[in-house]
Amino acid sequence: MSAKAITEATGKDILNRHLNNHGASVATCRFATVNAETNWSQLSVDHPWLLTTPLVVKPDQLIKRRGKLGLIGVKKNFEEVKQWIGERINKDQKIGNAVGKLRNFIIEPFLPHTDDEEMYVCIYSHRAADTILFYHQGGVDIGDVDAKAVKLDVPVNSKLAQADVKSKLLKEVTDSAKKERIANFITALYATFVDLYFTYLEINPVVVTADNLYILDLAAKLDSTADFICRPKWGEIDYPPPFGRDAYPEEAYIADLDAKSGASLKLTILNRNGRIWTMVAGGGASVIYSDTICDLGGATELANYGEYSGAPSEQQTYEYAKTILTLMTSSPKHPEGKVLITGGGIANFTNVAATFQGIITALREFQPKLVEHNVSIFVRRAGPNYQEGLRRMRDFGATLLGVPLHVFGPETHMTAICGMALGKRPIPQVASVEFSTANFLLPGGQQAQADLKSASEASGEIGGSDESDGTSVATSQSNGSHLNRKFFSNTTKAIVWGMQQRAVQSMLDFDFICRRDEPSVVAMVYPFTGDHKQKYYWGHKEILIPVYKKMSDAIHKHKEVDVMVNFASMRSAYESTLEVLEFPEIRTVAIIAEGIPENMTRKLIIEADKKGVAIIGPATVGGVKPGCFKIGNTGGMLDNILHSKLYRPGSVAYVSRSGGMSNELNNIISKATDGVIEGIAIGGDRYPGSTFMDHILRYQADPETKLIVLLGEVGGTEEYDVCAALKDGRITKPLVAWCIGTCASMFTSEVQFGHAGSCANSDRETATAKNKSLREAGAYVPDSFDTLGELIHSVYGELVKTGRIIPKEEVPPPTVPMDYSWARELGLIRKPASFMTSICDERGQELIYAGMPISEVLSKDVGIGGVISLLWFQRCLPSYVCKFFEMCLMVTADHGPAVSGAHNTIVCARAGKDLVSSVVSGLLTIGDRFGGALDGSARQFSEAYDTNLHPMEFVNKMRKEGKLILGIGHRVKSINNPDVRVKIIKEFVLENFPACPLLKYALEVEKITTNKKPNLILNVDGVIATAFVDMLRNSGSFTSEEAQEYINVGAINSLFVLGRSIGFIGHYMDQKRLKQGLYRHPWDDISYVIPEQYN
């Protein structure tokens, strides 16, 4: 929900900081807030007026009509206020049907005033304008304010004229000075309302005394989607739950996940001890599942409302599922056991297998508790890769879970599992599978159309279209707007804003199976790259689609376009849509983003109306014109498009708010009729760019559309426009309608459903009232969503029998090759990998080093040595080994600028080369003569030791063969001037390693060599090499074969390479910091040996 209520204290704090900046000249609201943790002594210090002023106290928990309910304490002193709150805090209070605890209170100074100084002001937003209500009397006894108050509408994106305020709102205010002050206040209040993205602001009363204006009681709502704009002005906003429902930490956790994710994750806890828990994919589907559960008598046992949608990752789905299961298994056991309904419609783009894997991981983790609580699980899902997801779920249930797990796909009606879970419907043992992603087979369920056709032929009533279908009436009585036209055809050309490669390929594949001559997408716009071309498939062949940095370039080079599909984020969708409205070529814009602030959407609607442009969205998946064009990911994968027969037009048009439910409607309509002719999801926001009526009147005017389906929902009043059109004859074609959200009236507290607009602010906006009105106006309205398909089938059958519909002939669509990546995902193909790796995996939610998640690497503080052990040796080595690695890196990090590697690095750095080039030039000098003797030293010493050569025999053998003993000898250090680095490592190894025979062998060799020459000591290379071999052989972490393999592959030299890289980088940075110029070697340090005479 975008419009969210805030506490009175929050509202007054915002007005304190901003209202007078607009010239309101209103007194600052003084208040103090109290809850169970309040320190009363400190409160009186922070607000000293509490001790000296008569006070007013009241709960601050979104409770309406507190005065009428006796929940306001007036003219009390500080001690009396403490007593008044103490008698009520954390006590149950019943308000209407809701029972909740009073937890938060607000204390204010009592303001002495007379009744004639009280006035009422309210501002609220709606689609075309903001309405200001004013009444010259206010307070508790104001009565029916809608009937009494004077109204002034301020059109969207217009200024409020103070003269209008005086002439239209303040007629009853006779005092000219008072009128001027009130007019200034209302003008400033409205400017604040717009600037800070309020959607509702009511002050009752505002007290106008001789010298000031005071805001007493206040109720307000903010557009929470404007947080990215208004946070600097708002500050941190805490949106409280409605009275009667406590705020749970689990809800806050999911809200935080939602805020950090591009997906949508929602959770509302209705009854923590309930036995029916839901985990539903899709905003619209989640409402329908709640409706069905309540219709079946489960309202009192429904534990939660929530949804996950928008392609959450496996990890995000796991976190969501884990939260639900934690709640479910932490409440008391239920004598009948508990049920978990994991449902959803047919996804458009969410990878069902990936999300199900997250759910399976959570189920596996909670398996013992699920058994303990006697949980039964019911699953129904479809969409991309759903077969693999369902297979995994079935396999898991059959082999590992230990509780009943029933799994169904699109062959089962979406909400059928609710009846199964509640024991109202039998559970089928084997579900028939209608089609397969792998084979792209058309459904066998087309027999329904053949039956209808044969039935109509038998009656002899199939003929031409009946002229009384209302087409002519609709044409003469259309809304007269620019929307009363066909949006799409088989020649529609579109520009896509955003680098949405998967969506574009989906549109092209749809074009191909619809037998279009050319692709519908002619260009893409992406301002974050330069102009270039992207490769896509058109059937079997590859094509290039240009990508432009500027919209103007795209449209000027492709003047045939008339549609833009806008995938811009909520932060940039407004600007990018405004930009495209400047080009008269564009006639339709689809805005996909969810979370665009309502003020921005309303401005877009006004601008689009001026330019004659139709907007679909925001917060939509788009729409589809079978056989012609589809927007983005609408219709899902090709298998669903084929199954729902969207590759050719049918006879039924639908309009829905929900994108996910539009795909379910495709499925329902394809089973019940000859298919869809057009379907639009107008979007879930409060103010969609185009309305139900806009599209229904288009369908009415289209002679090819024979039957119209409307899927409305709780919240808003657009469905009443449809009722009016049915009554006055603007709609004459059969209309099947259902409004979801009938469960809302069964909840004791307000619940915000998945879409921003799905919240009833009055009885008239409830789904039940709308369904009743639609039925009375002449629409076909089912008893529940469960029977929607049956009713559509029945109405369609009558149209066929009367000859108004001739069922469409089936024409097999052309085959489209499956993308390699998707075929691989489905497990249909295999291919030898070009690379193999066993040390690191970056594909999941978290980077993994040799099986250890990076979070665990950091939390366990394994250090650099531990990371080396994981990435080099694929295992966690003992802490002394990790410490040894780190010591080696430290002692080998640098040995001054004179050595060859450092020298090369310095020369390159001074030549202006970059860091990588300079460091590599130093690394390339490492070999047997410089730094690279570790491997050779390890081999020589280990071979001598393994063949049982006495140290003296080893020295004599090497001398006889004329070979140097690698790891022995130093240019500077000697037995009399030992290398401290060697001493440190040697002592650590001797003290901490369980055994170090090779190091001890090397020390025996050193005794012999230093007798010959004092500088033939065991050097750093030698001590590291022999200690490294001792670690491999004696740490208990490696087999003898593994240890020898690491010696043979040259792994020991790695420590010197890694350590010395640190020093090389240091030398590079040092030269840059010192700003050293190009190095040229001095002549006097070069011996020129030139032949004396050239022969």
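In the predicted model, Asp-217 and Lys-58 form a salt bridge in which the closest N and O atoms are 2.2 Å apart. This pair links distant parts of the chain, since Asp-217 lies in the loop between β12 (213-215) and β13 (218-223), whereas Lys-58 belongs to strand β3 (residues 55-59), 159 residues apart. The two partners were assigned to separate accessibility classes: Asp-217 is partly exposed, with a relative accessible area of 21%, while Lys-58 is buried, with a relative accessible area of 2%.

Salt bridges number 47 in the structure. One of them connects Arg-231 with Asp-227, with the closest N and O atoms 3.0 Å apart. Both residues lie in helix α7 (residues 227-234), and because they are four residues apart, about one helical turn separates them. Arg-231 is partly exposed, at a relative accessible area of 40%, and Asp-227 is likewise partly exposed, at 23%. A further salt bridge is formed by the side chains of Glu-678 and Lys-625, with an N to O distance of 3.7 Å. Glu-678 lies in strand β30 (residues 676-681) and Lys-625 in strand β27 (residues 623-625), so this pair ties together parts that are 53 residues apart in sequence. Glu-678 and Lys-625 are both buried.

An open sheet of four strands was identified in the order β15-β17-β18-β19, with parallel pairing. Strands β15 (276-278) and β19 (405-408) stand at the edges; each has a single partner strand, so one side of each is left without a neighbour in the sheet. On average, neighbouring strands of this sheet are turned by 15° against each other, direction ignored. Within the sheet, strand β17 (residues 338-342) runs parallel to strand β18 (residues 375-380), and five bridges join the two. Ser-376 in β18 is the bridge partner of Val-339. Helix α13 (residues 386-401) lies across β18 and β19, and runs at about 165° to β19.

Helix packing was also examined. The axes of helix α19 (residues 573-580) and helix α20 (residues 598-611) come within 10 Å and cross at roughly 5°. Because angles under 35 degrees count as roughly parallel, α19 is roughly parallel to α20. On the α19 side, the contact is made by Tyr-574, Thr-577 and Leu-578, and on the α20 side by Met-600, Lys-603, Leu-604 and Glu-607. By class, this contact between α19 and α20 has four nonpolar, one polar and two charged residues.

Conventions
Residues are numbered from 1 along each chain as its sequence is written. This is a predicted model: local features need pLDDT of at least 70, side-chain atom pairs count only at pLDDT 80 or more; totals for chains, interfaces and linings use all residues. Side-chain values use heavy atoms; hydrogens and water are left out. Two strands pair if DSSP finds at least two bridges between them. Axes are lines fitted to C-alpha atoms, for helices over the stretch in contact, and angles run from 0 to 180 degrees between N-to-C directions. Contact means heavy atoms within 4.5 Å. A salt bridge is a side-chain nitrogen of Lys or Arg within 4 Å of a carboxyl oxygen of Asp or Glu. Buried means under 20% relative accessible area, exposed over 50%, partly exposed in between (1.4 Å probe, protein chains only). Angles under 35 degrees count as roughly parallel, over 145 as roughly antiparallel, 65 to 115 as roughly perpendicular and the rest as oblique. Ala, Val, Leu, Ile, Met, Phe, Trp, Tyr, Cys and Pro count as nonpolar, Asp, Glu, Lys and Arg as charged, and the others, Gly among them, as polar.
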